[in-house]
Every structure is written in structure tokens, then in C-alpha cells.
Amino acid sequence: MRRYSIFAVAREALRYHSGWEKAWASPEPKKRYDVIVVGAGGHGLATAYYLGKVHGIKNVAIIEKGWLGGGNTGRNTTIIRSNYLQDPSAAIYEKARSLYEGLSQDLNYNVMFSPRGLLMLAQSEHEMRGYKRTVYANNLQNVETRWIEPKEVKKLVPILNIAGPRYPVLGALLQEKGGTARHDAVAWGYARACSDMGMDLLQNTEVTGVRTAGGKVVGVDTTRGSIDCGKLAIVVAGHSSVLAGMAGFRLPIESMALQAWVSEPIKPTIDVVVMANLVHGYMSQSDKGELVIGGGTDGFNNYSQRGSWHHVEETTRALIETFPVISRLKMLRQWGGIVDMTGDRSPILSKTPVDGIFVNCGWGTGGFKAIPGSGFAMAELVAKGYSPLAAEFGMHRFKEGQFIDESVAAGVAH
């Protein structure tokens, strides 16, 4: 596959861009693969990529029932951070954040990583104590964060109303290396690199069954026929319980809609990511000038990709008090994703009761930021049967009560 560069762009400009090849191939399925990854979102594609790059396993198929990156990867608010309290969480998210720094060079594809900085506002005494505690924990974890006072918060975000009245800003946790990336570009970059290694991207191919023999996976049935495999990685977010059911086991997750929306474009107004977790709203500004806003999950299980309107109203009302200048903006568009929530709001990267089947799910509302770290750990788990990054996130923790409780520690659902 041809390498992208400024010289390639100049050359194609001279011939009216007629020489660009497709970014990835669309082959017919083979009869057998060493590994099948179900789910061509960010996590699935990253898993396949690191299987090839790090472990040399390239006879891999990535199966997607829809289009590549058409699920949660293309339906999020693109926030990247690693300022978590619990050690296992901080480790895997910091691995992801550090991989994001060099991802464009690694993939030869511009993922538009922007380490613009991320603020988590403390708008109550409880939040202030909690975030200071997180800063101390992050210092021990080698995650660079610091506590800043309201005056510095106001300097970083001039449009912020720090006086309240209901939600005064008492300070903030700042991660200067946090930021955003272009969500679809992350998926496309990984897809292109996987295809370049000879892996098969099978879009519009739905898995309809999982075949096992003697307690071990032997293949999957799809809308394009049966495909055999040595190992199977289930990386399908909110639909993980559906695939697990096909394989004969259950997962401790529930699926619900998480939505986001963007305003009409405006001039540059906010150049950091701001999370206001007390009111459960977060906001950044895209390169096109839109304010990208996210809120909480729906309060009921569902597979909708729209979400309910009361969350739009509640989140927008709270953010308008914190950012009064946005009150007259119009909403340009709104969308939702199907997130997979565990009881402790931490992910599952684990072996399963079926030999050869591995599962990566439970990222809840924080999946995009974890993509490179998740893929790196999952690839190691599939290739070797063990990954230090994934060790604490096994399914065993729910049986043994060894929870990684981030629902309170993170100050947000996850």
C-alpha cells in the first residue's frame, strides 16, 4: 500500500488525484483464519493491528455487520484522558494516551490528535476533595495532572462563569496532555494499516452464530457463510451480550444509549476540553467551530442510536449556567451510541468459559479514549493468553468481588 506524504499529495494534484488507490481492500472471506475479530470499530481494529504489528499474527479477519467505524467509534465526543483514580484504570488509559501521541506517524494516517488539555471542574466541596485525591494518585501512577485554582481556570476558559450561582467553580483537575482526536480517522487509520498487513476487512457481514466443539471455538456462521478460526475475539461494545449468548455464556453488562450533540459553528471560543461532572456535561470545540457536547446515558436499557430528549434538555440547561455565552446557539445535529455498562463501570478484557474465545467490552462511556491501549492489551491477551494491562479486568472479578470501582472515583459514569 502506497505511503501517504506531502510528495504523494503534490504528485496526485498534478494528475487531478486520479492515482489514489482504495485505503483498504474488500476481499471475499477465506475458509479459515488464525484469529477472527468481531467488530470493526476502534477497539476491534486496534486489536487486529497490534496482533499483526506486535505479535506477528496476520491471518486475521475483522468482521463487521455494518460499515467500518459505524458504531460507537463514530458516535462519541472524541475526548482523550487518563486521569483515573484506580491503578489498573490509570495504567491502561495512560498506555492509550501515550500511543495516541505517535499514532499518526505509526499508522501513516493523520488521526488529528490534539493534546489541547483537559479540565475537570470541581463544582462542589466533595468534587474538590475527590479531584485533589486523584491528583495525588496520578502522581504515584506517573500520570501528569495537577490541581488549579478558580483564577487559573478562568484564565484558561474565559467564557466560564465561575461564580455559579448553583454550580460555582471551586477549581479543577487539569491534565495538560489530554485532548481530542478525530474519531473516524482513528478507525480508518487502523483499518488501512490492517489491510496493508494482509488482514481481511469483511464489512456488511453479520455473525449469526458461534460454533464450538468440545468446549472450544471452531468458527462462526455469518451472512456470507461459515468461517473457521483458531481464536475468536468479541469486540462489539453494546452488542457483546448478544454474541456471548451465541457462544453459550452470559456477560455482566447492560446496554443503553449515550448521546451527544453539536452546536452550529462559531469562532474559536474554547481551546481546551471541559468536563463538568456534577451536572454531567462535557464540552469542547471542533476544528470546524462546532461545540461538541455530551451528557449522561439514558436511564433504561435500549439499543437506540438516538437517545432521549430529556438528557439533551438537562445537560444543556446546566451547561448554559456554566457557559452563559452559548445560550443562543442552535443545535446542529444529535446522535447516540449503544454503550456497554458493567456494575463497577470498568471494562472487561478477559478469557471466557469457551476455550479460544476472548471478550473486550464494558467500556461504557469512556471507550474512545482507550482504543490504542485496549487494542494493545487485547492483542496480547489473545496472542499469549495473558496481558499485564488486562489482568485486573477479567470476568473473575465479578465472582470474587474484586471490583475496579470507577463510577464514584472518576466522578462520572466512566
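Is D106 buried, exposed or partly exposed? I found D106 to be partly exposed, with a relative accessible area of 31%. For this label I used a 1.4 Å probe and protein chains only, with buried meaning under 20% relative accessible area, exposed over 50%, and partly exposed in between.

**Entry 1: basis.** I worked on a predicted model, in which local features need pLDDT of at least 70 and side-chain atom pairs count only at pLDDT 80 or more, while totals for chains, interfaces and linings use all residues. Residues are numbered from 1 along each chain as its sequence is written, and side-chain values use heavy atoms, with hydrogens and water left out.

**Entry 2: salt bridges.** I looked up the salt bridges (a side-chain nitrogen of Lys or Arg within 4 Å of a carboxyl oxygen of Asp or Glu) and noted 18 in the structure. Side chains of opposite charge can pair when their charged atoms come close.

I returned to D106 and noted its salt bridge with K53, where the closest N and O atoms are 2.8 Å apart. This pair links distant parts of the chain, 53 residues apart: K53 is in helix α2 (residues 42–53) and D106 in helix α4 (residues 103–107). Helices (H or I, at least four residues) and strands (E, at least two) are DSSP runs, numbered from the N terminus. K53 is also partly exposed, at 45% relative accessibility.

I then examined E290 and R333, which form a salt bridge with their closest N and O atoms 3.2 Å apart. E290 lies in the loop between β14 (281–285) and β15 (291–297) and R333 in strand β16 (residues 331–342), so the pair ties together parts 43 residues apart in sequence. E290 is buried at 6%, whereas R333 is partly exposed at 38%.

I also recorded a network of salt bridges that links R2, E12 and R15.

**Entry 3: second largest pocket.** I treated a pocket as an open set of points on a 1 Å grid over the protein atoms alone, where a 1.4 Å probe fits, with protein on both sides within 12 Å along at least five of seven lines; lining residues have an atom within 4 Å of a point.

Which residues lie nearest the centre of the second largest pocket? I listed T78, R182, H183, S286 and V292, from a lining of 22 residues. The elements that give two or more residues to this lining are β14 and β16.
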